[in-house]
Amino acid sequence: MREQLIKAMKHNQILDIVYIAKDQSITKRRIKLIKISGNHVQAYCFSRHAKRNFIVDNILAVHPVNKKARGLHA
């Protein structure tokens, strides 16, 4: 997963992720990566309209957002 995130950040991609939150709920987020440090990712979350921190091990799936969908949802 970490390698996918690093590659996406290098290519400045917007991602849809499936994430396990602290309360064990599963959420879907659209993010733009800012920084990867150890087991943590800092990203801008379009759902929350704010910078958020995510634990890499809690990211279940990563899907790049294509350019057409960016204009609609990002």
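**Figure 1. Surroundings of Ile 17 in the predicted model.** Setting aside residues up to four places away in sequence, Ile 17 touches Thr 27, Lys 28, Arg 29, Ile 31, Phe 54, Ile 59, Ala 61 and Val 62. Two of these partners, Ile 31 and Phe 54, are listed together with Ile 17 among the core residues that touch the most other members.

**Figure 2. The largest nonpolar core.** This core comprises 15 residues, of which Leu 5, Leu 15, Ile 17, Ile 31, Leu 33, Val 41 and Phe 54 touch the most other members. At least two core residues come from each of the following elements: helix H1 (2-10), strand S1 (14-20), strand S2 (26-37), strand S3 (40-45) and strand S5 (59-64). In soluble globular proteins, nonpolar side chains tend to be buried together.

Figure 3. Arg 2 belongs to helix H1 and is partly exposed, at 33% relative accessibility. Although Val 56 is 54 residues from Arg 2 along the chain, the C-alpha atoms of the two are separated by 6.7 Å.

**Figure 4. Asn 12, a non-glycine residue with positive phi.** Most residues other than glycine have a negative phi. Asn 12, however, has a phi of about 55°. Asn 12 is placed in the loop between H1 and S1 and is partly exposed, with a relative accessible area of 44%.

**Figure 5. Gln 24, in the loop between S1 and S2.** Gln 24 is not a glycine, yet its phi is positive, at about 75°. With 60% relative accessibility, Gln 24 counts as exposed.

Terms used. Residues numbered from 1 in each chain as written. Predicted model: local features only at pLDDT ≥ 70, side-chain atom pairs only at ≥ 80, totals over all residues. Heavy atoms only, no water. Core = buried A, V, L, I, M, F, W, Y, C linked by side-chain atoms within 4.5 Å. Buried < 20%, exposed > 50% of the residue type's maximum accessible area, 1.4 Å probe, protein only. Helix = DSSP H or I, 4+ residues; strand = E, 2+ residues; numbered from the N terminus. Contact = heavy atoms within 4.5 Å.
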